[in-house]
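Reader: I have the model open and would like to go through it with you piece by piece. Could you keep the answers plain and tell me how each term is defined?

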Number of protein chains: 4
Amino acid sequence: MSTPAKTDQSPASRQGPLGVAAIGYAFMGKAHSNAWRNVASFFDVPAFEQKVLVGRDPEQVAEAAARYGWAEYATDWRAVIARDDIHIVDICAPGWMHAEIAIAALEAGKHVLVEKPLANTVAEAELMTAAAVKARARGIQSMIGFNYRRVPALALARELIAEGRLGTIRHVRAAYMQDWLSDAESPMTWRLRKETAGSGALGDIASHAIDQIQYLTGESVTEVTGTLRTFVSERPGPAGLEEVTVDDAAWATLGLTGGIGASVEASRMAMGQKNRLQIEVYGSKGTLLFDLENLNELNFMDASAPVREQGFRRILVNEPEHPYMDVWWPQGHIIGWEHTFTHQIRDFLTAIQDGTAPVPSFEDGLEIQRVLAAIETSANNRSTLTALSSSSAASAPSLKAGV
Amino acid sequence: MSTPAKTDQSPASRQGPLGVAAIGYAFMGKAHSNAWRNVASFFDVPAFEQKVLVGRDPEQVAEAAARYGWAEYATDWRAVIARDDIHIVDICAPGWMHAEIAIAALEAGKHVLVEKPLANTVAEAELMTAAAVKARARGIQSMIGFNYRRVPALALARELIAEGRLGTIRHVRAAYMQDWLSDAESPMTWRLRKETAGSGALGDIASHAIDQIQYLTGESVTEVTGTLRTFVSERPGPAGLEEVTVDDAAWATLGLTGGIGASVEASRMAMGQKNRLQIEVYGSKGTLLFDLENLNELNFMDASAPVREQGFRRILVNEPEHPYMDVWWPQGHIIGWEHTFTHQIRDFLTAIQDGTAPVPSFEDGLEIQRVLAAIETSANNRSTLTALSSSSAASAPSLKAGV
Amino acid sequence: MSTPAKTDQSPASRQGPLGVAAIGYAFMGKAHSNAWRNVASFFDVPAFEQKVLVGRDPEQVAEAAARYGWAEYATDWRAVIARDDIHIVDICAPGWMHAEIAIAALEAGKHVLVEKPLANTVAEAELMTAAAVKARARGIQSMIGFNYRRVPALALARELIAEGRLGTIRHVRAAYMQDWLSDAESPMTWRLRKETAGSGALGDIASHAIDQIQYLTGESVTEVTGTLRTFVSERPGPAGLEEVTVDDAAWATLGLTGGIGASVEASRMAMGQKNRLQIEVYGSKGTLLFDLENLNELNFMDASAPVREQGFRRILVNEPEHPYMDVWWPQGHIIGWEHTFTHQIRDFLTAIQDGTAPVPSFEDGLEIQRVLAAIETSANNRSTLTALSSSSAASAPSLKAGV
Amino acid sequence: MSTPAKTDQSPASRQGPLGVAAIGYAFMGKAHSNAWRNVASFFDVPAFEQKVLVGRDPEQVAEAAARYGWAEYATDWRAVIARDDIHIVDICAPGWMHAEIAIAALEAGKHVLVEKPLANTVAEAELMTAAAVKARARGIQSMIGFNYRRVPALALARELIAEGRLGTIRHVRAAYMQDWLSDAESPMTWRLRKETAGSGALGDIASHAIDQIQYLTGESVTEVTGTLRTFVSERPGPAGLEEVTVDDAAWATLGLTGGIGASVEASRMAMGQKNRLQIEVYGSKGTLLFDLENLNELNFMDASAPVREQGFRRILVNEPEHPYMDVWWPQGHIIGWEHTFTHQIRDFLTAIQDGTAPVPSFEDGLEIQRVLAAIETSANNRSTLTALSSSSAASAPSLKAGV
């Protein structure tokens, strides 16, 4: 698969700036483009050029390319991948296209950044991971865009936990609550069909929560129980009501290595909650609390302080001492959500330059995919719920316990 | 069982103030005594007298009786129940004593208030409920002390939900987090043995969360999945390390009538969280958020407001318009946790006077008991966790999905 | 004035419990009665008896006495003061009655607790203070009820500052915001007339803020500038519109010994703010923040922590290690506003027992009174505002600077 | 002053994109550059080009120009202003250079954006304003950079107030608290000398607070009282200790047209407060609260709601319905502090295109300058503080009231 021509453009032999192509110009394409356009104004990164933005609609992609700072636009991603002046492919297309594009790009010797979730199925994710492993052996890097690892407050949380400041982690609580599907009259979309979206709140947002649980604790999920619910089972489509085939909300309890327990909850029908990823990590020596709607803050309870002075400390993560924050604005001048992507690009470029494997890797993405699949499996086998034991069965309600 | 002698002291024929006996003078006994001592200073309630406080240690109970406003003390609860001048028995003794005392008191024609949980086992709870049903037919009232139903903010939440302000309830999130067992060196107590405590965080605090889920939504739990964890499996006792036989933390997902989903989480090892019962109720038209550490507040998101003005509204539940609050202090002068019990006594006395059945009833307590038991059943059958489906089984970690 | 008969009832020679009389049964009378009724159930205090409640309306005071736990009621405070079985007089009557009652009680050898503000005028406050000084020499104690000194969180703040944890205090910000006068149609009352109320928001609530500034810093106000505003100048009375002759809101900047600056702001027309006394103390080594609507919390920023971990720490002041809190409920079970009075009675009784002078003293109350008067003087002399200096006077607006 | 040559480059006759020059590349230069680099990626604005960045140090400005997206760099601002291809001059240089550059640019027919405060003295500000008025008559626009008017939450606040949702505004409370000068050992800088900085916290940050008070209420300051304090009077310079000649903290009470009262407080020694501009606007029908450290949020209390449901509503100002927010990210994905500048550039460019005068104007900046000067005048004349009236002068402390 690796041809001599490809070898010439390998990182080692390349001269000049890295050429970047991005595929997709919707929400994620806009966010990634913004990061590419701004990263070099703040961080010292290897030279690169925003070469080409790829999309299906020529007019729209042309307009987006001009607006977001790309030199050219294109509609054929295969042709773009074949170009010698493209060294990086940033995949912001929908999940069902990830596998094909990513594998092709890796085989063509391009470094690949792909949006989460890695794919819509475990099988696709496994193929992608295999391609990434092979490419890595040739010096071609790959990364999955769990961008919240680059929230400075969460990066600080990771540091504190890794330093042992929380002692033994006992349990983690993570919830991702949004409300944009609350209206039962809002129309059917591809995001509500299993064949296109893979799953609903589970893959879309619970995946972030699960990645954080593993990232922050440094441990791996080994067992799950899951529950999925669809509150609005039909939505209006162009030709009448259509069945919603993904979950509106998802729940799971996880067991991790290290004896850690965790709970995950995700909903896109949590009225009033706009983008609330809340994470709570409880350890024997302290606790950390985070909320994405206040992403510049981390709350830290340090149990080594005298009881009289203990409490949750709101750290405004805007000091030069904090991860990623030495290049931004003076203390207290908060940064926005978009710069999680700026930090991600910075780390991706730095890894390419250093020849090290960036994280999270496709392997990490595959692991999340397997957890998501296990949650679905658990949820679908809920038929085994059993009636509760009762010494006076007649008066017992039809309560069932999932076993 | 109902003898002529008993009939003479029935509510209808009684003259003069109600005589009250309380059993137990520890944490709950102190809280209940405080409520009895203060309720008539604020609320218009039927006349009553704090007659006798009952406990096992004569010196300690004597001191407690004097301090908390009881006219007498006693050590034999059976003798007290037999007294003609006692009309109400308030049971604050540990859970394993509830059934015997409550059944005896009800059969003796006394109105009974019993602390939660109703009992340590479903079987005991069923016997108690049967006794309560029989007594009620004779005009003898009974009530279980899920005191948080009398937090004004939660009573207001119930009102708003019952009025339809949240539309169709979709899901509920409830967590009760404490940290007093965080220290792995803290000693063994009866609360950590299954035979005396029944369960750990599950019965102690998750029970409150489950009661609130049913109370606020007006719906009943019909299915559960549960997970229990014990993080510190041995603790120092007088004769060396002893095994902890109850849970340190509990998780459950619940299905309720009306298609509602709910999650419950409880921990006594959530470092830094002191008494944090957080409840979130999500509906199609709005959302309510509550936190017991700020018990005078309720956050209400009303989706019928224009989008431009929507947001969570922090209602300081201290206005005369709010449940129970017309008798207290001027607006903004917050009340303490203890007055959930004052309100409970007020409602109990009022129900006795009116001859109506107070809520929550023993039936309600039994229902909670069954849910707790079902969660344990589900948790204990976790052996059926299955390996996740994977197309490359070799590389799959030992991830298991509870089904 | 001190007769031999009086000597017989001096603290030294008294046998048996202290007899207490309270004067006034409205808002403050209810709050003080509640404290007397409960203090001995929680704290170890010298024996006392709630002897008599005094008020002008015999029916109402009789009802209040029965409800609030007083053995008797009376309508003639002079007769009550003359009783040999009364050792303590607790004055909850309106401000214009303080001087006469307090001086008479002190001269009759009674320990006196008087509600804040000490009086309506500096002249009255001086007479009261002189009487208190004389009485103290005879072992008769007196105290003014700045009850917020007994909020556990503020008592903890005082401890931390006194220990030097904030370093050199630089400035303090205190605001007391309420909204019960926001409605321009709400009727005229005695609280809105200068001759009965002395002042408006200034004496009513700014006085609390000023007392806290001196209490927390341990320094004294030496200079002030003040501004007063009345937003609703007329209100409906029984015979038509009447002029409001007190301030609706007050502002002051204070200079204190030790080079400290402070700002004070008070309003009874701050819509939405119910009882929000906010205090911020800024020092060279740290900062403390407090808010009365969350009176169980203190926020502490300790600048000696590494920058990476600095932040405001929300201390839930509910641990046995915290002032007054060892007798209440387990951690996290918050107490209400009313117990600032319970703690006040506890400290008052303890001081009487120990023969030490309780604080805050009448001298402290007088000092506050003088600050209030100076703020009024400053505000009333605002006629000296001068036009701003401008090099092109023609275009200058009519801006004036108070000098 | 307006020559025929200048007429040729007037907005009406210009063809092609607007050429932009920015002067200054420090904190503000970086922030403005960021806005120029990004504004067209989000908003539809007239075409422009980032032509040239001007600074004194050729190496540093060259590096900054490349990093921040400018085509060229230059060291002589006069030469840049003379260029025909420059149509807009954005002045980010220190305050003492504002007048000379701005007047020259306006006379050269360039649209001018100048950072706040307008100048270091009222006299300079008056000259600048006169130049702006003359230029405006020729179609040359000018604007002062009080960027917080472009915080979406504050723009929403302005809308709600203008619509009458708060009823009659009664008082406003504004404080701007930072802590970067807390360390008494931090060195002397030009910001601490009156001749270079004009003033300290007063001009630097209180100016923002005062601008907001006028902007939000739509009223003008007519009278002030002021107090200034310098807590650390000497700081280490290269040649030993130097005197600090500006204020560390400033206080003022303001009277505005419309009978509104306001308080202003600013400090750069408020330990723990990083960038906390807090604004509270109290009206007869509602209240608004804002805090710059959570700049995506606005708290709104609407008194027209039933009392039972009233409370402060946290509006997450991230909906398409909110000012400036239709172009950013989906709801709940917060934006950072930097985009106040992006919005400012957008409005500036739009006004240039439309031929309308952008706000805030130099007149607005001059008005702020006069208020700042009046506060200083008031503070400096504090020598007239008088002793408080006291009937027992001997015991009176040396309390003085500013009159």
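Reader: Which residue in β5(D) is the bridge partner of V89(D)?
Author: The partner of V89(D) is V112(D). This is a predicted model, in which local features need pLDDT of at least 70 and side-chain atom pairs count only at pLDDT 80 or more, while totals for chains, interfaces and linings use all residues. Residues are numbered from 1 along each chain as its sequence is written, and chains are lettered from A and ligands numbered from 1 in the order in which they are written.

Reader: And how do β4 and β5 of chain D pair?
Author: Strand β4 (residues 88–91) and strand β5 (residues 111–115) of chain D pair in the parallel sense over four bridges; two strands pair if DSSP finds at least two bridges between them. Strands (E, at least two residues) and helices (H or I, at least four) are DSSP runs, numbered from the N terminus.

Reader: What is the strand order in that open sheet of chain D?
Author: The order of the six strands is β3-β2-β1-β4-β5-β6 in chain D, with parallel pairing. β3 (72–74) and β6 (142–145) of chain D each have a single partner strand, so one side of each edge strand is left without a neighbour in the sheet. On average, neighbouring strands of this sheet are turned by 20 degrees against each other, direction ignored, where axes are lines fitted to C-alpha atoms (for helices over the stretch in contact) and angles run from 0 to 180 degrees between N-to-C directions.

Reader: Changing topic, how many helices and strands are in chain A?
Author: Chain A has 11 helices and 18 strands. Its radius of gyration is 23 Å, close to the 22 Å that the globule rule gives for 403 residues, so chain A is as compact as a globular protein of that length. The radius is taken over C-alpha atoms, and the rule is 2.2 Å times the number of residues to the power 0.38.

Reader: What domains does the assignment give for chain A?
Author: The assignment, which is automatic or from a database, gives domain 1 (4–148) and domain 2 (152–294 + 296–335) of chain A. The C-alpha centres of domain 1 and domain 2 of chain A are 27 Å apart.

Reader: How many residues of each are in contact?
Author: In chain A, 10 residues of domain 1 are in contact with 11 residues of domain 2, contact meaning that C-beta atoms, placed from the backbone, lie within 7 Å.

Methods. Contact = placed C-beta atoms within 7 Å.
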